[in-house]
Amino acid sequence: MTNIESTPISSPVRDQPHSIRTIIKAHPVISFFLLTLVLSWWPWPLYAAGNFPLPIASFGPFLAAIAVLGVTGGRSAIRPLIRSMLHWRVPGRWWLLMIATPVLITGTALALNLLLGAQPPSAAQLGAWSGVPIAFALALLVPGLGGAWEEPGWRGYALPRLVDPYGWKLASLILGAVTAVWHLPLMLSGLISWWDLLLVVSSNVVIALLFLTSGRSVLLVMVLHATNNAFSGTFVSQLFTGTDASRQAAITALIWAATAAVLLTTKRPRS
């Protein structure tokens, strides 16, 4: 007869080798990407039903980074990310570059669009530039308004962990592809152009190099992202309609792509 007392009773928790926590610890970067989609795409069906203003929660990458860091390293692993989001003591040239890069690229696209025959914006449309600082502040400070709060996830968490095994060039392209997929709800909903697929991949290369070279301050790239959203998204993209708007999106994406191509063939970050 079997001795019941000597028969081990399996623990339902201990004997689950594929628990969520175990999977996250074994595959943290992949878990981050998947969790980012879950935490970002939940508004999509609500938006489709007319019950939510946007089909995506832009702070999803930030929440995913916090969750994965918490599981894999606890509070001590989260602190460096938060510190980097507050790291403002960097040389002034980096602040200038983070603001100037998206403004110059979008401004160049605007000039080319006008040269190619786009309808010049009216004085009233141009007067909307006064709202750019407010849009910038909201994108930078309020999670969910603009894309700045994507950066703690993309650059603060994912990029450094992809750079070590793949190098900055391939890492930036991998992250760019994932980020492009992340934007699909916005494209499928018609809120942004399909040209943004190219723009997102290309801008990831540019932002990766700036982030790695400037001392890995997440705050800096949050400023860049907020600037681009405020100037390009809130202001310039509203100056055109129809074919002119499509041309503006295409030219902007192509300039980002050309910039990324130059950097991929010539630059190496001093990380």
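## Fold and basis

Helices (H or I, at least four residues) and strands (E, at least two) are DSSP runs, numbered from the N terminus. By that rule the chain has 13 helices and 0 strands. Its elements, read from the N terminus, run α-α-α-α-α-α-α-α-α-α-α-α-α.

This is a predicted model: local features need pLDDT of at least 70, side-chain atom pairs count only at pLDDT 80 or more, and totals for chains, interfaces and linings use all residues. Residues are numbered from 1 along each chain as its sequence is written, and side-chain values use heavy atoms, with hydrogens and water left out.

## Overall dimensions and surface

Along the principal axes, the C-alpha atoms fill a box of roughly 95 × 50 × 30 Å. The chain has 271 residues, and 43% of them count as buried. Buried means under 20% relative accessible area, exposed over 50%, and partly exposed in between (1.4 Å probe, protein chains only).

The chain exposes about 14200 Å². Carbon and sulfur atoms supply 68% of that area. Accessible areas come from the Shrake-Rupley method with a 1.4 Å probe; for residues, only the protein chains shown count as cover.

Contact means heavy atoms within 4.5 Å. Among contacts with a separation of 6 or more, 77% join residues 24 or more positions apart.

## Charges and salt bridges

The chain carries 16 positive and 7 negative charges, and their mean positions are 14 Å apart. Lys and Arg count as positive and Asp and Glu as negative; His and the chain ends are not counted. Each charge is placed at NZ of Lys, CZ of Arg, CG of Asp or CD of Glu.

A salt bridge is a side-chain nitrogen of Lys or Arg within 4 Å of a carboxyl oxygen of Asp or Glu. The whole structure holds 2. One joins the side chains of Glu 151 and Arg 155 (2.7 Å, N to O). These residues are 4 apart in helix 9, so about one helical turn separates them. Both Glu 151 and Arg 155 are buried.

The other joins Asp 244 and Arg 247 (3.2 Å, N to O). They sit 3 residues apart in helix 13 (residues 242-266), so again about one helical turn lies between them. Asp 244 is buried, at 14% relative accessible area. Arg 247 is partly exposed, at 22%.

## The loop between helices 8 and 9

Glu 150 lies in the loop between helix 8 (132-141) and helix 9 (151-182). Glu 150 is buried but has no salt bridge. Its nearest side chain of opposite charge, Arg 155, is 5.9 Å away. Setting aside neighbours within four places in sequence, Glu 150 contacts Ser 58, Pro 61, Trp 182, His 183 and His 225.

Leu 145 lies in this loop between helix 8 and helix 9. Leu 145 is partly exposed, with a relative accessible area of 43%. Together with Ile 134, Leu 138, Leu 141 and Val 142, Leu 145 forms a nonpolar surface patch of about 450 Å² accessible area. Patches are made of residues with over 30% relative accessible area and no salt bridge: like charges are joined within 9 Å, nonpolar side chains (Val, Leu, Ile, Met, Phe, Trp, Tyr) within 5 Å.

## Ser 189 and its partners

Ser 189 is in the loop between helix 10 (184-188) and helix 11 (196-213). Ser 189 is partly exposed, at 24% relative accessible area. Not counting residues up to four places away in sequence, Ser 189 touches Trp 44, Tyr 47 and Pro 55. Ser 189 and Pro 55 are 134 residues apart along the chain, yet their C-alpha atoms are separated by 7.6 Å.
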